[in-house]
Amino acid sequence: MKAVGGDIPVETAHDLFVIGGGINGCGIARDAAGRGFSVALAEMNDFASGTSSAATKLIHGGLRYLEHYEFRLVREALMEREVLWAMAPHIIWPMRFVLPFQKGSVRPAWLVRLGLFLYDHLGGRKLLPPTRTLDLKQDPAGKPLKPIFGRAFEYSDGWVDDARLVVLNARDASQRGALVLHRSQVISARREAGLWRIETRDAAGEVTQHRARMLINAAGPWVDKVISGVLGRNDVRNVRLVQGSHIVVRRKFTDPRAYFFQNPDGRIIFAIPYEQDFTLIGTTDRDYTGDPRQVAITDDEIDYLCAAASEYFAEPVHRKDIVWTYSGVRPLFDDGATKAQEATRDYVLKVEGKTGEAPLLNVFGGKLTTYRRLAEHALEKIGEAIGDKGAPWTAGSHLPGGAFGPEDYDREVAALRARFPFLSERHAQRLVRCYGTDATQLLDASGLPEILGRHFGGTLYEAEVRWLIDNEWAVTAEDILWRRTKQGLFLSREEVAVLEEYLEGVGARRKAG
């Protein structure tokens, strides 16, 4: 057994040990490392392999949360949209949403107008355009819809590549000095002599000991399992697990705007342009009691999403149209709501520990949009527990690759093609959307006789795969195809098998060398 901090002085232990490599854990680790805290973070699988890569991929205020009176959450989320856009304009960008309306809709027009008025004025909007009313008989947004829809409201929110948001926070935390333990599970944690003594087990089965002044439980759907299994408590129920599933179909419309559809049961779904050639439709809300690692879309959910979208689109959505599905489990704070869709989307932070004991911070709930503010609030709790270091800093920062103006995306694409003229327009666009200014470094660092190297399918080449292995902890084909990129949508089974064989060879060479 290797010991890290086993019998070393207190002053050389980590300040913080974070359990969980989703958006909340990585966001807290990044903020803390940037303030000067000594941080370690452990993720048992891949970054964003749970809830954080299974979202509807929106940076949004949560229009529907207004009807549940979650004004604090909505205001905070609305204010974060432009902050996050400026932090990472390569993976976050504005999107307009079209909300079709007809007489007899589940929400009356006056209520929708009121909600959108609050949406426009509650969160300090500066750059995003305001709400407007559309005549769907004249506006192109009406073309894919049934002719019964004559009017719509159009409003602003944002889009995010959720899994890349997570890994970029992990990268930045590491660059700022955090110890990032990928595919390393926390198997025990106990208080000892005023510190936490933590054991992790990596993918090779090696067990390592760590010590820390404070433990952060940001394990998402596993947050209660950490409390019960790792910390040894019984009868723990802080979170309500809610399954959300999505389907991806061949492109249903060419308009760059997304749709917000109201269903007769009061729930809503989105239909969103996705990876140029597809439409993303979701999400569902249903309580979940199984293992979060085994979550998968159900037949009932597929039927629901197809039927709900078909109520609006002139061309119905059928099962045969589906090219991919994904599901995730949202760890919502259990507020006792009767229905899953009514449970709060706000986050709750709870510090535990008696005087003289090493403190524990449990993180319940949270959203992609508010992850940065959640991290700031967590650092306030951490400061109260073990002392402050540094001041809030992330609001004006950039994530890796994001140090360019939100309006400069096209210029970045043009510059990349000028430097590497063999890139197609589509390939250059995708590289800038994934890596921003790091796209140039990715290609410059390839070290291959031909810069791109081996072609695996779609726009995925060896240079990018090597970059992801060396810089973003990618290990498996799933890591690369579905979290670091979405090239899984474009590769055949045979091409995926070739990539898997290549990665096995890389892994074998690393073990041998």
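How many aromatic pairs does a search of the whole structure find? The search finds 22 aromatic pairs, where rings of Phe, Tyr and Trp (its six-membered ring) pair if their centres lie within 6.5 Å, with planes under 30 degrees apart counted as stacked, over 60 as edge-to-face and the rest as tilted.

Before going on, a word on the model. It is predicted, so local features need pLDDT of at least 70 and side-chain atom pairs count only at pLDDT 80 or more, while totals for chains, interfaces and linings use all residues. Residues are numbered from 1 along each chain as its sequence is written, and side-chain values use heavy atoms, with hydrogens and water left out.

**Rings and charges**

| Pair | Centre to centre | Angle between planes | Kind |
|---|---|---|---|
| Phe253 and Tyr259 | 5.0 Å | 85 degrees | edge-to-face |
| Trp324 and Tyr326 | 5.0 Å | 35 degrees | tilted |

Arg267 lies over the face of Tyr304, at 4.3 Å from the ring centre. A charge sits over a ring if NZ of Lys or CZ of Arg is within 6 Å of the ring centre and within 35 degrees of the ring normal.

**The second largest pocket**

About 820 Å³ of space lies in the second largest pocket. Its lining counts 31 residues, and the closest to the centre are Trp93, Tyr274, Glu275, Gln276 and Arg433. On a 1 Å grid over the protein atoms alone, a pocket is an open set of points with protein on both sides within 12 Å along at least five of seven lines, a cavity is a set where a 1.4 Å probe fits but cannot get out, and lining residues have an atom within 4 Å of a point. Grid points are joined across faces, edges and corners, and a volume is the space filled by probe spheres set on the points.

Strand 5 (92–101), strand 7 (151–160), strand 14 (268–274) and helix 9 (425–435) each supply at least two residues of this pocket's lining; helices (H or I, at least four residues) and strands (E, at least two) are DSSP runs, numbered from the N terminus. Helix 9 gives the largest share, five residues.

Helix 9 has buried residues as well: His427, Ala428, Arg430, Leu431, Val432, Cys434 and Tyr435. After helix 9 comes Gly436, with a positive phi near 60 degrees.

**The largest cavity**

There are three cavities of 30 Å³ or more in the structure. The largest cavity has a volume of about 50 Å³. Its lining is made of Ile59, Arg81, Glu82, Trp85, Ile92, Trp93, Pro94, Leu128, Asp157 and Gly158. Helix 2 (71–87), strand 5 and strand 7 are the elements that give two or more residues to this lining.

**One more residue**

Val207 has its place in strand 11 (residues 207–217). Val207 is buried, with a relative accessible area of 18%. Its C-alpha atom is separated by 9.4 Å from that of Gln185, 22 residues apart along the chain.

Methods
Buried means under 20% relative accessible area, exposed over 50%, partly exposed in between (1.4 Å probe, protein chains only).
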